[in-house]
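Dear colleague,

I am handing over the structure below, and after it you will find what I found when going through it. Please read the notes with the structure open beside them.

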Amino acid sequence: MALLEILTYPDPRLKDESQPVTAFDDALRAFVADLEETMRLGPGAVGIAAPQVGRALRLAIVDCSSKAKLPTNHGRMILINPEITEWDGFAVGREGCLSVPDFTGNVIRAERITLEARDEHGEHRQYQFEGYEARAVQHEIDHLDGLLFLDRLVSRRNDLFKRKTYK
Ligand code: NI
């Protein structure tokens, strides 16, 4: 496995629209392993998306298993060609991002979502997420569409916060 370089804002590649994965082969699974290893080194990271390492593929990893007492928590998931099919409610919450290491921000997200995706073997999956996990999934899918949490702040003045510590 290999660690991958994480692109940081304002790298223009973070704004690219990613393309669907078409080959569910060993090369894909090797990339997933590298991407996951890279995520694990990020402080407190609960997700990473392929375009954050310069691969414009519709592929993300989410793992909230380090967080306690969440409304839903599916643990480690490989989400490939994900599509949100249902949205319900909304909530404001604080987000951070490996590609925006010096800031966090308050973003409005759907409270509950239904998601369809494939895994790294091409198997079709359906998930229902609520709360923090739903937020993490929506954040990662945004990366596939070239969006950062910075693009969703209601107010740059009131909703953007400089990180004091890295944890
Ligand atoms: Ni991010």
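Thr114 has Gln128, in S7, as its bridge partner. This is a predicted model, and the points below should be read with that in mind. The two strands S6 and S7 are paired in the antiparallel sense, over 7 bridges, and they belong to an open sheet of 5 strands whose order is S1-S2-S3-S6-S7, with antiparallel pairing. The edges of this sheet are taken by strand S1 (47–49) and S7, each of which has a single partner strand, so that one side of each is left without a neighbour in the sheet. From one strand to the next, the twist in this sheet averages 40 degrees. Helix H1, which covers residues 26–41, packs on the sheet and touches S1, strand S2 (59–63) and S3, and its direction makes about 45 degrees with that of S2.

There is also an open sheet of 3 strands, in the order S4-S5-S8, and here too the pairing is antiparallel. Its edge strands are S4 and strand S8 (160–162), each of which pairs on one side only, and the twist averages 25 degrees from one strand to the next. Strand S5, made of residues 100–109, pairs with S8 in the antiparallel sense over 3 bridges, and Thr104 stands opposite Phe161 in S8. Helix H2 lies across S4 and S5, and runs at about 55 degrees to S4.

If residues up to four places away in sequence are not counted, Val62 touches Val46, Gly47, Gly75, Arg76, Met77, Leu79, Ala136, Val137 and Glu140.

The nickel ion has as its protein donors Cys97 through SG, and His139 and His143 through NE2 in each case, lying 2.1 to 2.3 Å from the ion. Along the sequence, these donor residues are spaced C-x41-H-x3-H. Cys97 lies in strand S4 (residues 91–97) whereas His139 lies in helix H2, so the pair ties together parts that are 42 residues apart in sequence. With a relative accessible area of 7%, Cys97 is buried, because buried means under 20%; His139 is likewise buried, with a relative accessible area of 7%.

How many disulfides does the model contain? The count comes to 0. Cys64 is in no disulfide, and the nearest cysteine sulfur, which is that of Cys97, is 14 Å away.

Key
Residues are numbered from 1 along each chain as its sequence is written. This is a predicted model: local features need pLDDT of at least 70, side-chain atom pairs count only at pLDDT 80 or more; totals for chains, interfaces and linings use all residues. Side-chain values use heavy atoms; hydrogens and water are left out. Contact means heavy atoms within 4.5 Å. Two strands pair if DSSP finds at least two bridges between them. Helices (H or I, at least four residues) and strands (E, at least two) are DSSP runs, numbered from the N terminus. Axes are lines fitted to C-alpha atoms, for helices over the stretch in contact, and angles run from 0 to 180 degrees between N-to-C directions. A disulfide is a pair of cysteine sulfur atoms within 2.5 Å. Buried means under 20% relative accessible area, exposed over 50%, partly exposed in between (1.4 Å probe, protein chains only). Donors are N, O and S atoms within 2.8 Å of the metal (3.2 Å for Na, K and Ca); water is not among the atoms, so sites may look incomplete.
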